[in-house]
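Load the model in your viewer and show both chains. The stops below follow the boundary between them.

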Number of protein chains: 2
Amino acid sequence: MSEVFGYMGKIAFVDLTREKVVVKDLPKEWIYKFIGGEGFGAKILWDLLPPKVSAFSPLNPIIFTTGPLTATMVPASGRTSIVFKSPLTGTIGASNVGGFFAPNLKKAGFDVLVVTGKAKKPVYLWVHDGVVEIRSADHVWGLDVEETTKELLKETHEKASVACIGPAGENLVLFASIMVDGGRAAGRGGGGAVMGSKNLKAVVAYGTKEVPVKDPEMLRKYALKAIEEIKAEPFTSQLLAKYGTPAFTKAINDVGILPSYNWQRTTFDKIAEIDHEAYHRKLRVKPWPCYNCPVVCGRYTEIPEGKYAGEKGHGPEYEAVAAFGTKLGISDLYAIAMANYLSNRLGLDVISTGQVIATAMEWYERGIIDSSVTDGIELRFGNADAVIEMIKKIAYREGFGNLLAEGSYRAALKIGRGAINYVMHVKGMEMAADGVRASKGEVVTHATSERGADHLRPYASAVDAFGYIEPELGITEKKDPLKDTDKAWVKPFKEYSMLFNMLGMCYFTGILLAVKPSTLAGLFTAVTGINTDKETLLKSAERVINLERAFNAREGFTRKDDTLPERFLKEPAPDGRGKGQIVNLNVILDEYYEAMGWDKETGLPTVRKLKELDLEDVALELLK
Amino acid sequence: MSEVFGYMGKIAFVDLTREKVVVKDLPKEWIYKFIGGEGFGAKILWDLLPPKVSAFSPLNPIIFTTGPLTATMVPASGRTSIVFKSPLTGTIGASNVGGFFAPNLKKAGFDVLVVTGKAKKPVYLWVHDGVVEIRSADHVWGLDVEETTKELLKETHEKASVACIGPAGENLVLFASIMVDGGRAAGRGGGGAVMGSKNLKAVVAYGTKEVPVKDPEMLRKYALKAIEEIKAEPFTSQLLAKYGTPAFTKAINDVGILPSYNWQRTTFDKIAEIDHEAYHRKLRVKPWPCYNCPVVCGRYTEIPEGKYAGEKGHGPEYEAVAAFGTKLGISDLYAIAMANYLSNRLGLDVISTGQVIATAMEWYERGIIDSSVTDGIELRFGNADAVIEMIKKIAYREGFGNLLAEGSYRAALKIGRGAINYVMHVKGMEMAADGVRASKGEVVTHATSERGADHLRPYASAVDAFGYIEPELGITEKKDPLKDTDKAWVKPFKEYSMLFNMLGMCYFTGILLAVKPSTLAGLFTAVTGINTDKETLLKSAERVINLERAFNAREGFTRKDDTLPERFLKEPAPDGRGKGQIVNLNVILDEYYEAMGWDKETGLPTVRKLKELDLEDVALELLK
């Protein structure tokens with residue numbers, strides 16, 4: 001594909017069943033319609049996967065994508081979007097991860113790597129210099145993420161990037177993660193289990209090709225503009241840079257959207273023991289940078305004392321502090337860090353893992369289960385040793401862990417006795433640690449996200465709970481976090497958030513609206529030479545969001561699935577800024593569907609909307 | 001478990017993830033409630049598998065069962081019932097197969113073998129002398145069924161029985177079979193794919209223990225009575241014995257329930273070229289007996305001439321003659337036999353495979369797909385070479401075969417353009433070759449079967465199309481095959497058919513009502529020493545049927561899923577004895593649900609019915 005800038009112009013298709021690699025040209029029209037990254041992933045998933053096919057079918061592709069900004073001088077342009085059908089939710093699975101994988105994949109010559117089929121025995125892929133090699137992974141099957149990463153770097157290239165699974169993925173734990181560079185997680189939705197079902201232990205990429213840039217001078221100008229915008233946003237440039245994501249812990253607690261004791265409360269009583277200052281006081285902390293990032297929010301820590309003295313690893317990030325801390329009533333940062341290291345090594349999604357255990361603890365405390373079910377483990381809030389033990393049991397599918405490995409929703413169906421009332425999930429995926437009664441914008445995010453319980457598409461709390469505005473998105477005034485109506489602003493904010501995943505840039509430069517939409521347009525134009533503006537880009541993002549919703553519609557999802565745990569619909573928040581609040585879900589959904597131009601009865605894109613977005617083929621397939 | 005006759009008293013649980021075998025005592029109360037065989041399988045599946053869990057989850061058990069009559073002197077007591085959640089339908093999967101596997105499993109010391117988990121690398125199980133060994137199957141992975149069987153017999157025991165998968169199971173083809181003794185198929189529902197998902201290539205069993213019999217003299221008496229009853233039924237003792245199941249071909253054609261050209265017609269224009277006489281004239285035919293069977297309906301054949309000269313293998317059975325013959329408009333018996341051998345070797349369910357191709361041929365003929373979709377293959381009715389090619393493509397998931405490997409229902413959803421109208425399925429499973437517009441009893445069988453499109457639970461045509469009666473079941477007069485009402489007789493007949501699968505006896509001794517229910521009761525009492533009567537046994541069968549329906553209910557199935565392909569509901573039969581008939585589904589379902597004591601609105605067992613069957617625990621779980 002000549003004369004295209006910003007892309008390598010190649011997609012590698014790997015069929016593990018037949019041990020065959022085919023490289024095809026990137027269809028040029030996709031650039032205009034889907035931009036790249038998750039956009040390409042959603043398009044390929046839609047095209048390749050027949051409806052109602054098991055996520056563990058060899059037909060389910062696992063798609064590693066890069067965007068047009070990936071591996072350029074654009075700040076924070078190292079994100080990988082990984083797309084697949086999720087075994088946890090049955091929806092589209094779309095995980096996004098930092099580190100150095102996407103830049104290496106792209107510099108190796110590929111915009112996208114699509115893996116289908118099922119290998120006879122464990123394999124890994126070695127991607128470099130325009131080729132994809134299928135290699136035996138017999139010797140690393142069973143190894144944890146750190147061991148696997150180390151070994152595969154040794155036998156490929158020391159500067160390569162490894163995306164691999166741990167024992168959890170091998171054992172098809174439904175919330176197994178794909179781990180990049182030993183510690184960055186594509187955590188959500190069970191991509192690791194999809195890799196496991198294919199006997200695909202890892203993809204290793206290393207590349208040195210240059211990404212063709214149309215207008216390097218213009219790119220320099222806009223990259224500097226983006227860096228300036230990041231600097232101008234104090235939370236991002238100062239708190240995140242100084243403290244990493246643990247900077248969020250206290251901030252989120254203060255606005256009443258921090259879950260504790262499995263969401264029974266919305267603030268944490270021992271916040272001072274785990275906030276960013278405690279974190280940096282107690283743990284030995286080093287920054288850990290992703291590709292070309294001026295913020296450097298990643299942290300690598302070591303436990304200096306106690307029973308886990310000397311243990312170290314990536315994180316814990318904010319979500320891990322909540323998942324293994326506040327949600328479980330644990331304020332011992334060493335135990336939290338250890339649980340996080342362990343989950344990462346075993347290849348478990350930290351968010352689901354902590355949330356599954358939080359739910360099980362509430363079952364235990366309420367007498368719905370007892371120690372005869374939990375293999376003798378006292379699953380009480382605050383019992384950190386029990387958490388460490390349960391993490392291992394889940395990854396290796398031992399005893400009670402074998403049930404929890406199917407996620408909290410399915411486990412509750414098996415247990416019965418009202419267990420489902422304490423499952424904090426949407427579409428079968430466990431909730432992260434953000435929202436929702438004191439941020440009605442997050443109600444939209446969580447209930448309607450195309451990938452299940454999602455706090456990031458968009459991080460609506462930024463606007464309503466934290467008071468950010470962005471005139472370029474039409475958000476010109478502060479929003480009331482407790483108000484049920486007035487939810488149209490979520491639409492442009494969601495499109496903006498999706499745009500980062502399509503361009504290959506980190507949403508953390510936009511989570512608090514630092515980098516402006518017009519800057520993104522400038523970056524895209526500079527790299528690709530395609531003249532665009534923010535409206536056109538946001539329209540592309542809207543197209544991808546609608547395509548993802550159409551995928552879910554084809555699988556049978558409708559408005560009835562856009563819902564929240566009973567707790568939020570019926571129990572008034574007991575504390576925090578949202579005290580006394582419940583969620584009036586239907587009002588909020590109506591507002592949002594109206595803004596999206598979707599049918600209110602079904603919650604699905606209308607034919608008119610799909611046509612407006614040049615998705616006639618999608619409309620036709622949905623109608624058939 | 002002492003003092004129990006007819007059972008070995010042991011269940012082996014194998015966890016492939018942990019490479020662990022645990023042997024437990026058979027709970028004595030199960031004997032009274034569930035008898036054995038498929039009854040034990042359904043009970044274990046209900047207990048072990050949480051709802052909504054993927055059929056490819058390590059949690060999904062694959063359960064090999066024997067019954068109390070297995071491996072005794074009872075005629076035709078060699079059947080194995082294999083139970084699992086079906087990846088094809090999402091319902092309970094229950095396959096039943098002849099040969100020598102169950103007798104060997106039982107004589108090795110086990111009533112039941114339950115396999116869960118997922119092995120790291122290919123393994124097989126070697127079951128003998130009260131132990132289960134987990135052995136590497138690296139060297140046989142990729143081999144076909146005949147090669148695998150031969151190799152595993154060599155390295156275990158020449159008199160052992162092998163239940164294995166072929167490449168289709170390894171590649172997770174949703175209708176992959178489990179093949180016993182190299183040529184008998186546990187075909188329906190994709191048990192082979194479940195084994196493949198566990199990296200379980202085979203189970204090999206060999207045993208020499210004696211089954212404890214309470215009253216050998218009484219058993220002798222009833223075994224002789226059963227043999228007399230079989231002899232007294234002329235079709236079974238003469239036609240089946242002389243011609244094997246191909247004896248059915250012409251008989252079924254004559255009553256207008258033989259599908260041809262993908263069910264566009266209900267008789268076959270070239271019947272004389274493929275009926276039992278042609279079969280025995282053209283092929284070299286040898287009988288192939290199952291364990292202790294006086295009928296010996298199995299056939300082993302060889303193609304004497306033409307392009308497949310010298311090829312040989314098990315079958316083709318009647319269903320294969322229809323699946324690869326009449327449904328495809330093929331009257332070349334050599335091609336039919338070759339397609340059958342190939343499917344068996346690759347480990348494909350012959351019924352689904354032929355039906356999938358029949359559907360694809362109708363798509364092709366109607367212009368819904370063309371050769372650009374079929375990898376250039378001319379999928380026209382009558383094109384035998386295309387069939388051979390497609391079978392390989394399906395098993396190895398190549399090209400169009402990769403889509404068809406997901407079954408005709410999912411393939412149609414992907415193809416669209418009205419393709420679904422020609423998919424002959426129930427609950428996602430392809431129909432066999434029996435029924436339904438000229439046998440309204442078969443409407444019940446097919447639409448309501450707990451395992452998808454099923455022609456055998458019961459083989460209702462025996463009563464309404466062929467005019468058999470059985471006063472012991474309350475069927476005292478011939479039934480009108482075209483009548484929509486009067487369907488209560490299907491209930492006792494279905495219970496009777498299920499009883500064979502629970503006792504471990506071949507339903508072919510009851511398909512035409514040869515062996516009387518009271519004889520089954522006598523056999524059971526003689527073997528176990530438990531005094532019983534036919535009413536009690538039929539009640540146990542009703543219990544198992546209700547438990548299976550409860551399993552499906554827990555997975556989300558209701559009356560809406562008890563349906564038939566559109567063709568039968570709207571197109572009057574064009575020929576045969578049912579000419580002009582359509583299926584008035586709702587009338588028929590109402591009649592049947594009424595007889596079963598099920599709720600007519602939902603099609604599910606009522607709490608009252610479950611309580612009546614001592615299934616309070618099941619009722620409670622469904623209500624939760």
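How many salt bridges are there between chain B and chain A? The count is three. This is a predicted model, and the values here are computed from its atoms.

**Stop 1: one salt bridge.** Select Arg18(A) and Glu398(B). These two form a salt bridge, with 4.0 Å between the closest N and O atoms. Polar contacts can be listed as well: 16 residue pairs link chain B and chain A in this way, counting pairs with both residues at pLDDT 80 or more.

**Stop 2: the chain B side.** Now select the helices of chain B that give two or more residues to the side touching chain A: α2 (38–48), α15 (400–404) and α16 (407–415). Of the elements, α16(B) supplies the largest share, five residues. Colour this side of chain B by residue class, and it divides into 17 nonpolar, 17 charged and nine polar residues.

**Stop 3: the whole interface.** Select the residues in contact across the boundary: 43 of chain B meet 43 of chain A. About 3,300 Å² is buried between the two chains, and carbon and sulfur atoms give 55% of that area.

**Stop 4: α2(B).** Return to α2(B) and colour by relative accessible area. Is this helix largely enclosed or open? It is largely enclosed by the rest of the structure, because nine of its 11 residues are buried. Step through the buried residues in order: Glu38(B), Gly39(B), Phe40(B), Gly41(B), Ala42(B), Lys43(B), Ile44(B), Leu45(B) and Trp46(B). The charged residues Glu38(B) and Lys43(B) are among them.

Notes. Residues are numbered from 1 along each chain as its sequence is written. Chains are lettered from A and ligands numbered from 1 in the order in which they are written. This is a predicted model: local features need pLDDT of at least 70, side-chain atom pairs count only at pLDDT 80 or more; totals for chains, interfaces and linings use all residues. Side-chain values use heavy atoms; hydrogens and water are left out. Contact means heavy atoms within 4.5 Å. Buried area is the accessible area (1.4 Å probe) that two parts lose on being put together, summed over both. A salt bridge is a side-chain nitrogen of Lys or Arg within 4 Å of a carboxyl oxygen of Asp or Glu. A polar contact is a pair of N or O atoms within 3.5 Å; within protein, one must be able to donate a hydrogen and the other to accept it, and residues adjacent in sequence count only if both atoms are side-chain atoms. Helices (H or I, at least four residues) and strands (E, at least two) are DSSP runs, numbered from the N terminus. Buried means under 20% relative accessible area, exposed over 50%, partly exposed in between (1.4 Å probe, protein chains only).
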